[in-house]
Amino acid sequence: MKYQSQKVAIPYFIGALTLFFGQIVFGLIAGFQYLDGSFLFPALPFDVVRMSHTNLLIVWLLMSFMGAAYYIVPEEAQTELYSPKLALITFWVFLTAAVLTILSYLFIPYAHLAALTGNAALPTMGRGYLEQPLPTKVGIVLVALSLLFNVTMTLIKGRKTTINWILVGSLWGLALLFLPAFYFPEDTVKASFAWWWVVHGWVEGDWELILGALLGFILIKMTGVDREIVEKWLYIIVAMTLISGIIGIGHHYYYTGAPAYWIWLGSIFSILEPIPFMLLIAFSFKMLMQRRREHPNKAAMLWALGTPIMAFLGAGVWGLMITLAPAQYYMHGTNFTAAHGHLAFFGAYVMISLSIISYAMPLLRGRLANSAAAQRWEITGFWVMVLSMLVIALALTGAGIVTVILQRAADHPMSFMQVEGKARVFFWVREVAGFSFFAGLLIYLRSFFITGDYEYTSEIKQALAR
Amino acid sequence: MQQVFTKAMARNIFLGGSVFFLAIYVALSIDTWHRIPERDHADKLTPAVLQGKYIFDTNNCIGCHTVNGEGAYFAPELGNVYKRRGPAFIKAWIQAQPTGIPGRRQMPNFHLTQKQLDDLVLYLQWLSNIDTNNWPPNIQG
Ligand code: HEM
Ligand code: HEM
Ligand SMILES: [Fe+2]
């Protein structure tokens, strides 16, 4: 850490991890309701638990991206953040809005919430991930404007690096792509078409740029590789993202009422979408090979190398599985989608968030790296979470296969509820792996409470003794 | 190689490529916009259907169900439920919730009026007539 104002990232990172914890608790409840449908009913119907789970995910990822921006932009621009105070106020506004929104989900029936918050005047509620009542959506825009103002002013007054251009540019993109959340056409087919501008536009477009910028920053810092090389790679990666991903949005338009030409366009372009993820792997490992220094923060390096691999698996491999129109004909809207959604969100955006937190938090707490003991906890947390998530994805894939065989592609298709009964074993596996994920999260969080610096001398002595 | 392909070239591919494909996307979307009304019979979006849609959205139906494959995977597809079950069954079903059968997945009771039920069913009927390129593969959704 070089600038005092970077410290404002701390509350963002802590807030993000707190909401992450909440997200997983709701995930466990939702997963359990798959096994016992009357669990917590009618106090917490499944839809309430589910939207708490998904909305917490989105909010904590946004919070960690913001923390990352407040950390990275000043360092890259070589100047203090334009207004640390504004960033801090914004944090509290954001956290309060997020908590109030989740509480309103839990305690107010959705239809009442809609009536209370003026949804009739400008309907925006009732779409996946965008379930928030109008005041929350407006709040998100205000928070985004404050962030954009702050980082853009910092960028303008300081050194202009490629990382900063891509990062600040993609934060603008993130905010702009949220605006269709206010546009909810009465025609359901149009509404679905436009909904993907936000969802696909974020995860398979704009956020990949954020991912690239954060990973590029971490790798420059940790490997000491020449900035020019990193930046050239970054441009190629983000170019491939948008070249494949913009028309690739067509993979959501096959069976939702849009014209049939999307079947060709979506299939052709979206099979290219794994390419940027492959490039990310090649890039990270090349930087690792060419490293000019050994950074003592082994945990951060593990996160940074794990991210492209898991992102490629979740987005690239699992995405490819469901992206060609003939395959999606049978897999669309089954647990194949859920398997892909979990592995991709986790591998790409959860892991890049935990990477930047892992790299920056020790520096923000005044040390280059955490003690070896703390890192051992963090690395254990890494493996338990990663392996558990793989099992969750495999279990959901199993459930998806059951649906395809018994319901979608069968000569005598079974009804949905019957099929769910047949897939029960997979929902058990998902839930057990979910608890194991939760254990991994606790282990990971424990690492923050182990104090102490990384001790070069004692580590070297120990290594020599071995 | 390193010198031949410069950072500036990479940046230009990024900027040029994005603008190019974004322009194509916008053009295609405009075309799609013109074709959707015919494919989904937008002329049949009567006030009653739209009322039904509002009830559908503000009770978060896609928090458990899918519509044309989009939503959640906890409960059956609703895009074609009108054809699968018919109007009388759907109304009776909604009114009979929750089943209260221990262990079975539970759907809440939304306390809808007769008029609201009628509108909701009209919306489900509208949904069932969208041209979705023959999806779902069969009536079970
Ligand atoms: C990190 C990047 C990605 C993330 C976070 C992500 C996440 C998701 C999520 C959450 C959904 C479900 C949306 C819903 O609720 O309906 C979804 C759907 C889908 N994704 Fe991705 N995705 C990513 C990348 C990709 C890539 C690279 C591909 C293609 C190669 C892809 C192909 C698809 C397809 C085809 C669907 C629709 C599945 C269906 O028809 O049910 N995704 N994605
Ligand atoms: C960091 C880890 C996780 C991420 C990134 C994540 C992400 C998501 C996303 C994007 C969705 C919505 C898309 C979909 O319907 O699949 C979702 C739904 C869901 N998640 Fe997670 N999740 C995580 C962990 C968990 C855990 C540990 C559990 C519990 C065992 C869980 C259980 C569920 C359930 C039951 C749903 C609803 C799926 C449905 O509609 O039927 N999640 N999650
Ligand atoms: Fe997509």
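Predicted model: local features only at pLDDT ≥ 70, side-chain atom pairs only at ≥ 80, totals over all residues.
Residues are numbered from 1 along each chain as its sequence is written, and chains are lettered from A and ligands numbered from 1 in the order in which they are written.

Chain A has 17 helices and zero strands; these are DSSP runs numbered from the N terminus, helices being H or I of at least four residues and strands E of at least two. Its C-alpha trace spans about 70 × 55 × 45 Å along the principal axes. Of the 466 residues of chain A, 58% are buried, meaning that 20 or more other C-beta atoms, placed from the backbone, lie within 10 Å of the residue's own.

Turning to the interface, 60 residues of chain A are in contact with 56 residues of chain B, a contact being two C-beta atoms, placed from the backbone, within 7 Å. The largest share of this side of chain A, eleven residues, comes from α8(A).

Ligand 2 has 23 residues around it, of which A:Gly27, A:Gly31, A:Ala338, A:Gly434 and B:Ala72 come nearest; a residue is near if its C-beta atom, placed from the backbone, lies within 6 Å of the molecule. Because residues from chains A and B surround ligand 2, the site is shared between chains. In chain A, α1 (9-35), α2 (46-77), α13 (335-364) and α16 (424-446) each supply at least two residues of the shell.

Technical notes. Buried ≥ 20, exposed ≤ 12 C-beta atoms within 10 Å, placed from the backbone.
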